[in-house]
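Here's a walk through this model, one piece at a time. Keep the viewer open and follow along.

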Amino acid sequence: MGASRNFEAPARIAAIAPYLWMVLFFLVPFYFILKISLSQTAIAQPPYEPQFDLSQGLEGLKAAAAQLSVENFRLLVIDDLYVFSYLRSVVVAAVSTLILVVLGYPVAYGMSRLSRGWQALAMLAVIVPFWTSFLIRIYAWINILQRDGLLNDVLMALRIISAPLVWLSTDTAMYIGIVYSYLPFMVLPLFATLSKLDASLLEAAADLGCSRRQAFWLVTWPLSLPGVGAGALLCFIPITGEFVIPDLLAGSGQMMIGQTLWGEFFTNRDWPVASAIAVVLLIVLLLPLLVYDRLQRKQLEAR
Amino acid sequence: MSARALTRLSPFNMVSLALGFAFLYVPLVILIVFSFNASRLVTVWGGWSTRWYAELLNDAAMIEAAWMSLRVGVTSATFATVLGTMAAVALSRGGGFRGRTLFSGMLNAPLVMPEVITGLSLLLLFIAVEVGRGFWTVTAAHTTLTMCFVTVIVQSRLNDLDRSLEEAAMDLGCSPARAFFAVTLPMIMPAVAAGWMLAFTLSLDDLVIASFTTGPGASTLPIRIYSEVRLGVKPQINAICTLMVAFVALIIVIASLVSKLSSARGGSAAPL
Amino acid sequence: MASAAPAVERPPNRRYQWPTHDPEEWAPVFGIMPKQIDKADERMVQALPSAETPAPEKPGSEQPLLRIASVTKRFGGMVAVNNLSLEIRAGEFFALLGPSGCGKSTLLRMLAGFETPDEGSIMLDGADIAPIPPHRRPINMMFQNYALFPHLSVAGNIAFGLKRAGMSRADIARRVAEMLALVQLEGLERRRPDQLSGGQRQRVALARALALRPRMLLLDEPLAALDRKLRESTQAELLEVQRKLGTTFIIVTHDQDEAMTVADRIGVMDKGSLVQVATPRELYESPNSRWVATFVGDINFIEGLVVSQKVGLLTLRTEEAGTIIVTSSINPVAGMTVPLAIRPEKIRISSETASSDLANALRGEIVDINYLGDVSVYQVKLPSGALVKVKAANLVRSGSGFFALGQRVSLSFSPDACIVLDR
């Protein structure tokens, strides 16, 4: 262990460049989001004021600061549109995560039961969709779910329905799209945890009187919970802010918060409100983010 | 009942595996098949044809977007790999240092952060410092996004590595830094390579952040595809999507071959 | 269950007894809920000894507890266990000894139920246990890597099997406390496995396996991970626990010292077959083949030509050692070649001039000395060129009692110190 001390100093130096990069490109932008969320819309380039302009000196800065207000945040609270958008996002994310756990666990569990060689193949088979663009995968479903698409064709051929159903622009389509896109995010961490499970624990459970089903619920399930937690958070947090999937697959009724933000920014050109939406979304996600960070650190450093 | 029965596949396992993988692949397979459909309509099979691929070659905007995506991908992946590996080394070998929690938190966050937030924040930054948006802003944004993936892959590989190898190198006369470059780095190369490939594909696939941070005339491929998709299903889109899927699959195959080769030579286990 | 014989006082945690033929009573102890009893279990019940007959105190009762009959197990093209038959008595501490890959672990796993024999049968108390899955057998195993459940505390681990058996909460608590006292881990109930040392984890594994009062306990190389001092003290503890409980223990090990220390009988295995089953003493002093003689302890081999035979004494002429006289129960014909073996410590070494009253005497020169503290091992070169290994206790601390390299010495041994091998 003493030898590792020799590495610490040089290793720390390696942290400098990425540290600076992340501070500049990750932390600092949040300052700007916060600042602009406190500004007002203006017909200007960029379309908000006040502008902090050093040419006006300290006085100018102070005057600009005085113009900041929490008006945008009040808007978010008052206007039902935004409140419902947040609620919808959280509900959709929670429901999707639940579906993902229910569907993803058997797949990950089955993968962990395969022999070594097959496991590597299965991992590869899960990674290919994982590395394929979200956009492409959603588009693949649009193909199938259209009015004259394959799903309707198959259902009509099987005489389950008599006329084509509308699948696109529904919540069902959106859920299908979300589950489809995020399934690898649930399966991979879960598989990583399950495959590390000591097989002799299951033998010990059997030796002590457990049937196969009892051994699963009493030994495998409790020990896989950290993996379930990691996978669930890995899905829940990004799904909350999803834009592409609801935009392409869901109806034009209630929007998720990602769509609202996009609309405010690109369509309404209302940067301050868009920023305020982002700030509130971050606050909503703060707790899950912290829990996730905790889990990640435990995973990566438990050696 | 035997040990094999305890750890082999039950019928339930087999069904869930079959259904799971079918679910993942059927839509993609349909996409690929119909990109060769001679007929315009998705439901009607008009015979095998590559006309849509030919039409793609004539679509200048699409080709330019593809070229742009490739350039952004290669550049951002390289930056992300260099910075991400440095970060992984610091986290894995650096012990505890002040600001470590913040550091790892910042690195982990983009993994899960909704892309609309990351994209918006980066755009606001670029506006505030009055940088012209285009190739470099998208590249910087993608670097920030993908760096954390590289860090995760390389860090877990570093943690698994046998420390006694580095200690042996030091025992034989290397300074810690030399030991790293002479012994550690070659051994984690497959993980670093895998990180590069992942960063590349993520950059290639990204839509939201690119939309926020790009400038006029600097469309990436996903942005172009998205604008087409909003107008409805078109077979040309099937074609370009198939090409992208094939490209990504090729990269993955190369990545796994690389890691197999290095483990055959007694190197590291598969980093994927 | 009153009997005409005078009642014998048995303390409750001593020997396990078959209580009764009533399934309601015995089933929970084996982890079988009464409503799950089926044909297999009923066959077991028929074969149970009656409750009036107390189980014997000493090993060596009339009917063996475990009868392994012609069991064969193959993995792919390889035969792991080859037509093996063995009987193990109740209350015995039996060791399966052999080199890696000899099939001893496979045999153990078949007893536990994790492998099924391809041929042959395994009878426990006269009932075939092969169709019974591992979680229904009255046999428990202590795993090599302990296999403690990381998400449960020490008490939780020990209580695991008891909960499956449907014992009441109060009974479980009592049994867990009993087990903790047995392995001397009181006070550590709430600890998790990752907070324990290797020796402590091993004791939890032992307590967990014994908590169900199994008919038989299987131990799969349990002491492999411990250092020497800890191993020795643990061997003593295992012996004591086994004597206290009277449970039949079957231990698998590749360490012959361990087998000799703990076992009542040892079964030596090689390449899937049993080579010899005997008490430690018999195994060491009367190995039945060259292989066993070499595997257990050190040995010297000599080939002898039979010259004459008289009243159980053979006179042999050997190339290496001249004429020697050995006792033997076999009756070879004159002119036959007979392999002999002699253990290093049975040869007496003394200075050249000393005379000896033992029948066989040799002269030689010391070419190597290995000083081991309590004994020294000498390599002595005979005039014929053959090397003989001699072991002698270092009886004096210093002074003239020591032999030196190159010293000429006299070796002697009595006629019955030689083992006459027949293969």
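Let's begin with chain C, which has 10 helices and 20 strands; helices (H or I, at least four residues) and strands (E, at least two) are DSSP runs, numbered from the N terminus. Before going further: this is a predicted model, where local features need pLDDT of at least 70, side-chain atom pairs count only at pLDDT 80 or more, and totals for chains, interfaces and linings use all residues. Residues are numbered from 1 along each chain as its sequence is written, while chains are lettered from A and ligands numbered from 1 in the order in which they are written.

**Chains B and C side by side**

Two terms are needed for the table. A residue is buried if 20 or more other C-beta atoms lie within 10 Å of its own, exposed if 12 or fewer, and partly exposed in between, with C-beta atoms placed from the backbone. Two residues are in contact if their C-beta atoms, again placed from the backbone, lie within 7 Å.

| Property | Value |
|---|---|
| Chain B, buried residues | 49% of 272 residues |
| Chain C, buried residues | 35% of 423 residues |
| Chain B, share of contacts between residues at least 6 apart in sequence that join residues at least 24 apart | 76% |
| Chain C, share of contacts between residues at least 6 apart in sequence that join residues at least 24 apart | 66% |

Chain B has 12 helices and 0 strands. Its C-alpha atoms fill a box of roughly 70 × 70 × 30 Å, taken along the principal axes.

**A sheet in chain C**

Back in chain C, 4 strands make an open sheet with antiparallel pairing, in the order E2-E1-E4-E5. Two strands count as paired if DSSP finds at least two bridges between them. Strand E2 (78–88) and strand E5 (127–128) of chain C sit at the edges with a single partner strand each, so one side of each is left without a neighbour in the sheet. Further in, strand E1 (residues 66–75) of chain C is joined to strand E4 (residues 119–124) of chain C by 5 bridges, and the two run antiparallel. If you want a residue pair to click on, Thr72(C) has Glu119(C) in E4(C) as its bridge partner.

Helix H3 (residues 104–112) of chain C lies across E1, E2 and E4 of chain C, at about 65° to E2(C). For that angle, axes are lines fitted to C-alpha atoms, for helices over the stretch in contact, and angles run from 0 to 180 degrees between N-to-C directions.

Ser70(C) is not a glycine, yet has a positive phi of about 50°; Ser70(C) lies in strand E1 of chain C. Ser70(C) is exposed, because 12 other C-beta atoms lie within 10 Å. Asn83(C), also not a glycine, has a positive phi of about 50° and lies in strand E2 of chain C. Asn83(C) has 14 C-beta neighbours inside 10 Å, so Asn83(C) counts as partly exposed.

**A hairpin in chain C**

Strand E9 (residues 265–270) and strand E10 (residues 273–278) of chain C pair antiparallel over 5 bridges. Gly267(C) stands opposite Val277(C) in E10(C). The two strands form a hairpin with 2 residues between them, and Lys271(C) in the turn has a positive phi of about 50°.

**Where chains A and B meet**

On to the interface: 86 residues of chain A are in contact with 79 residues of chain B. Helix H2 (residues 16–37) of chain A gives the most to chain A's side, with 14 residues. That side divides into 63 nonpolar, 13 polar and 10 charged residues. Here Ala, Val, Leu, Ile, Met, Phe, Trp, Tyr, Cys and Pro count as nonpolar, Asp, Glu, Lys and Arg as charged, and the others, Gly among them, as polar.

**Nonpolar cores**

A nonpolar core is a set of buried Ala, Val, Leu, Ile, Met, Phe, Trp, Tyr and Cys residues joined through C-beta atoms within 7 Å. The largest has 160 residues, and Ile138(A), Ile277(A) and Leu120(B) have the most contacts inside it. Leaving out residues up to four places away in sequence, Ile138(A) touches Gly177(A), Ser181(A), Val244(A), Ile245(A), Leu248(A) and Leu249(A). Another core, of 106 residues, lies apart from that one; Ile122(C), Phe160(C), Met269(C) and Val380(C) are among its members.
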